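My entries follow in the order I made them.

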Amino acid sequence: MVDTSARLLRLLSLLQARRDRSGAELAERLGVTTRTVRRDVERLRGLGYPVHSTRGTPGYRLGAGAALPPLLLEDDEAVAVAVGLRTAAGGSVAGIEETSLRALAKLEQVLPARLRHRVGTLHSATVRVGEGGPRVDADVLMAIADACRRHESLRFDYTSPHGGTTTRSVQPHRLVSFTRHWYLVAWDTDRDDWRSFRVDRLALRTPNGPRFTPREPPDGDVAAYLEQRLSSHAWPVRATVTLHDSASAVADRLWPGTGVVEPVDARHCLLHVGADTARDLAWMITSVDVDFTLVDGPPALVDALRAHGDRCLRAVRSSGRGTRPSGRRGR
C-alpha cells in the first residue's frame with residue numbers, strides 16, 4: 001500500500017479529473033477501504049481543498065474555495081499552461097505581462113527537465129509576427145466577458161475608426177480575438193441589429209444595464225459573422241469578383257480577413273473583399289493568383305487593376321524578357 005502522502009496526491013488527482021466520484025469508486029481506484037477514503041477526504045479538507053459530499057449515491061466533488069489550492073497537472077496540461085503563459089506575457093492584453101511572467105517562473109521551477117525542454121524547444125522554434133497592435137486592458141476584457149456570461153447589457157463610449165465618439169447600448173454576446181485585435185459581437189439595441197466593436201476603441205460606462213434574454217448568434221457562428229464584416233462590409237471600398245476556381249481550392253490562398261468566399265460551382269466562386277483604397281483592393285484580388293472577372297466594384301478599382309497590369313508588363317519589358325515565348329525551352 002502506498003504511503004499516506006502519495007495516496008492523498010492520487011486522490012486529489014482523481015477528484016480533479018472528474019466532477020463527481022463515488023466513495024466506492026475512489027476506494028477501488030486507490031486500493032483502500034471506503035473508511036480510508038473518508039479519512040483522506042478529511043485530510044484534504046484540512047489542507048484547504050474544498051471537497052464536498054454529494055447527495056444520492058455517497059460520493060465526493062472537488063469544488064471552488066476561498067483560496068486557490070495546488071493543482072495537479074498531466075504532462076501535456078503543464079506544457080499547454082506554460083506555452084499559454086509565454087504567449088500572454090507578450091500578447092495584446094495589457095496589464096498581465098508581469099503577472100504571466102511570475103506565474104511562468106513558478107511553473108518552470110517545478111517542471112521536470114523533460115517538460116522544461118519541450119517548452120523551451122517550442123518557444124525557440126516559434127516566431128511571433130505582427131506585434132505592436134493595440135493593447136487591451138485585461139480588466140476591460142474581464143468586465144465584458146462577465147457581462148456576456150451574466151447576460152447583462154452594456155453601455156460604452158465608442159470611437160469610430162473615421163473619428164467621432166458615440167454612446168452605444170448593447171446586449172453583449174461574445175468576445176472574439178481576430179488578427180491581433182479583440183472584438184465584441186453584440187446586439188445593438190438602438191440600431192436593432194448585430195454589430196461588432198473593437199474593444200480597444202470602447203470605454204465602458206458603469207454600472208451595467210438590465211439583464212436580457214440571449215439571442216441566437218448571427219448566422220449561427222459569431223466567428224464567421226465577424227470575418228465577413230471585417231472582410232467587406234466595414235471597409236469604405238468594396239468589390240465582388242468571380243474567381244475561376246472552386247472555393248475549396250482558393251481557401252488556403254487567402255490571408256485571414258482578406259475576404260469572404262462564396263461557392264458557385266465546381267470551377268467558380270465569388271470573392272467579396274473590402275479595403276481602404278481601390279489600389280489595396282487590386283493587390284488583394286491579384287494576390288490570390290487565380291484568373292478572375294470583376295462583378296461589382298467602383299470605377300477606381302477598374303483603373304487600379306489596369307494600372308497594376310501595366311506596371312507588371314513594364315517590369316517584364318524593361319528586364320528584356322518581354323519577347324521571350326512562354327513555357328519551358330527544350331534542352
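**Entry 1: helix 11**

I began just after helix 11, where G320 takes a positive phi of about 85°. Helices here are DSSP runs of H or I with at least four residues, strands are runs of E with at least two, and both are numbered from the N terminus. This is a predicted model, so I note that local features need pLDDT of at least 70, that side-chain atom pairs count only at pLDDT 80 or more, and that totals for chains, interfaces and linings use all residues. Residues are numbered from 1 along each chain as its sequence is written, and side-chain values use heavy atoms, with hydrogens and water left out.

Next I checked the length of helix 11. Its 20 residues, 299-318, should span 28 Å at 1.5 Å a residue, and the end C-alpha atoms are 29 Å apart, which agrees. The expected span is 1.5 Å times one less than the number of residues.

Which residues of helix 11 are buried? I found L301, A304 and L305. They cover an arc of only 100° around the axis, which puts them on the same side of helix 11. Buried means under 20% relative accessible area, exposed over 50%, and partly exposed in between, with a 1.4 Å probe and protein chains only. The arc is that of the directions from the helix axis to the C-beta atoms. I kept a reminder here: an α-helix has 3.6 residues a turn, so residues three or four places apart point the same way.

On the other side of helix 11, I listed P299, R306, R314, R317 and S318 as exposed. The buried residues of helix 11 pack against strand 11 (237-243), helix 10 (278-286) and strand 14 (292-296). Contact means heavy atoms within 4.5 Å.

I moved on to helix 10. Its buried residues are A278, L281, A282, M284 and I285. Seen down the axis of helix 10, these fall within an arc of 165°, so they line one face of the helix. R279 and W283 are exposed on the other side of helix 10. The cover over the buried residues of helix 10 includes strand 11, strand 13 (268-275), strand 14 and helix 11.

In what order do the four strands of this open sheet run? I read 12-13-11-14, with antiparallel pairing. Strand 12 (259-265) and strand 14 are the edge strands, each pairing on one side only. The twist averages 25° from one strand to the next. Two strands pair if DSSP finds at least two bridges between them. Strand 11 and strand 13 pair over seven bridges in the antiparallel sense. T242 stands opposite L270 in strand 13. Helix 10 packs on the sheet and touches strand 11, strand 13 and strand 14; its direction makes about 150° with that of strand 13. Axes are lines fitted to C-alpha atoms, for helices over the stretch in contact, and angles run from 0 to 180 degrees between N-to-C directions.

I looked up the pairings. Strand 1 (residues 20-22) is joined to strand 3 (residues 59-62) by three bridges. S22 has G59 of strand 3 as its bridge partner. Strand 2 (residues 51-54) pairs with strand 3 over four bridges. H52 has R61 of strand 3 as its bridge partner.

**Entry 2: S153**

Is S153 buried or exposed? S153 is buried, because its relative accessible area is 13%. I placed S153 in the loop between helix 7 (138-150) and strand 6 (154-159). The side chain of S153 reaches the backbone oxygen of P210 at 3.0 Å. Leaving aside neighbours within four places in sequence, S153 is in contact with V170, Q171, P172, N208, G209, P210 and F212.

**Entry 3: whole chain**

The protein chain has eleven helices and 14 strands. Buried residues make up 33% of its 331 residues.

Note on methods
A polar contact is a pair of N or O atoms within 3.5 Å; within protein, one must be able to donate a hydrogen and the other to accept it, and residues adjacent in sequence count only if both atoms are side-chain atoms.
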